[in-house]
Amino acid sequence: MKSRSQSLRGLGGDRRFAVGTPRGYHRRDSIVGLFWPDQDEEHARASLRQALYGLRRSLGEGVFLTRGEEVGLDPAAFSCDVWSFEDAAAQDHAEAAVASY
């Protein structure tokens, strides 16, 4: 059985979504502009819906959070090596930061 805590390692380009600044929710129009800049809005939004559907099936229902026109990753259900590095560096935990890098 998969752990509820997942890593972005191996998801390739989807890493760009997780390391968005600030952490938290991101507007759908920003996400579609990042991943599908050459598509019109209707097709780009359809691509986003399909991508989120596939990722939810792969990672679990609770990983992505939605709030109206915004989508985010639940940090309690998902882990990311970039987040681990940033948190360790912010807390002056050099060994943990290097291990995350």
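# Chatting about helix H3

Biologist: Hi! Which residues are buried in H3?

Modeller: Hi! In H3, the buried residues are Ala44, Ser47, Leu48, Leu52, Leu55 and Leu59. Looking down the axis of H3, these buried residues fall within an arc of 135 degrees, so they line one face of the helix. One thing to keep in mind as we go: this is a predicted model.

Biologist: Why would residues three or four places apart point the same way?

Modeller: An α-helix takes 3.6 residues for each turn, so residues with three or four places between them point the same way.

Biologist: And which residues are exposed on the other side of H3?

Modeller: There you find Glu42, Arg49, Gln50, Tyr53 and Arg57, which are exposed.

Biologist: Let's pick one of those. Why does arginine 49 count as exposed?

Modeller: Its relative accessibility is 52%, and exposed means over 50%, so arginine 49 counts as exposed.

Biologist: Which residues of H2 are buried?

Modeller: Those are Arg28, Ile31, Val32 and Phe35. They cover an arc of only 95 degrees around the axis, which puts them on the same side of H2.

Biologist: What span should H3 have, going by its number of residues?

Modeller: H3 runs over residues 41-59, which is 19 residues, and at 1.5 Å a residue it should span 27 Å. Its end C-alpha atoms are 26 Å apart, which agrees.

Biologist: What caps the N-terminal end of H3?

Modeller: Aspartate 40 does, with a side-chain oxygen 3.1 Å from the backbone nitrogen of glutamate 42.

Biologist: Where is glutamine 39?

Modeller: Glutamine 39 sits in the loop between H2 and H3. With a relative accessible area of 34%, glutamine 39 is partly exposed. Setting aside neighbours within four places in sequence, glutamine 39 is in contact with Ala44 and Ser47. A polar atom of the glutamine 39 side chain lies 3.1 Å from the backbone nitrogen of alanine 44.

Biologist: New topic! What about tyrosine 25, which strand is it in?

Modeller: Tyrosine 25 is in strand E1, residues 25-27. Its relative accessibility is 30%, so tyrosine 25 counts as partly exposed. Beyond neighbours within four places in sequence, tyrosine 25 is in contact with Leu65, Thr66, Arg67, Glu70, Val71 and Gly72. The C-alpha atoms of tyrosine 25 and leucine 73 are 7.3 Å apart, although 48 residues separate them along the chain.

Biologist: Zooming out, how many helices and strands does the protein chain have?

Modeller: There are 5 helices and 3 strands. Along the sequence, the pattern is α-β-α-α-β-β-α-α. The protein chain has 101 residues, and 32% of them are buried. Among contacts with a separation of 6 or more, 54% are between residues 24 or more positions apart.

Biologist: Last one: where is confidence lowest and where is it highest?

Modeller: It is lowest in helix H1 (residues 15-18), with a mean of 52, and highest in H3, at 92. Across the protein chain the average pLDDT is 76, and 71% of the residues score at least 70. Over residues 1-13, pLDDT stays under 50. Where pLDDT is low, the predicted coordinates should not be read in detail.

Key:
Residues are numbered from 1 along each chain as its sequence is written. This is a predicted model: local features need pLDDT of at least 70, side-chain atom pairs count only at pLDDT 80 or more; totals for chains, interfaces and linings use all residues. Side-chain values use heavy atoms; hydrogens and water are left out. Helices (H or I, at least four residues) and strands (E, at least two) are DSSP runs, numbered from the N terminus. Buried means under 20% relative accessible area, exposed over 50%, partly exposed in between (1.4 Å probe, protein chains only). Contact means heavy atoms within 4.5 Å. The expected span of a helix is 1.5 Å times one less than its number of residues. The arc is that of the directions from the helix axis to the C-beta atoms. A polar contact is a pair of N or O atoms within 3.5 Å; within protein, one must be able to donate a hydrogen and the other to accept it, and residues adjacent in sequence count only if both atoms are side-chain atoms. pLDDT is the predictor's confidence in each residue, from 0 to 100.
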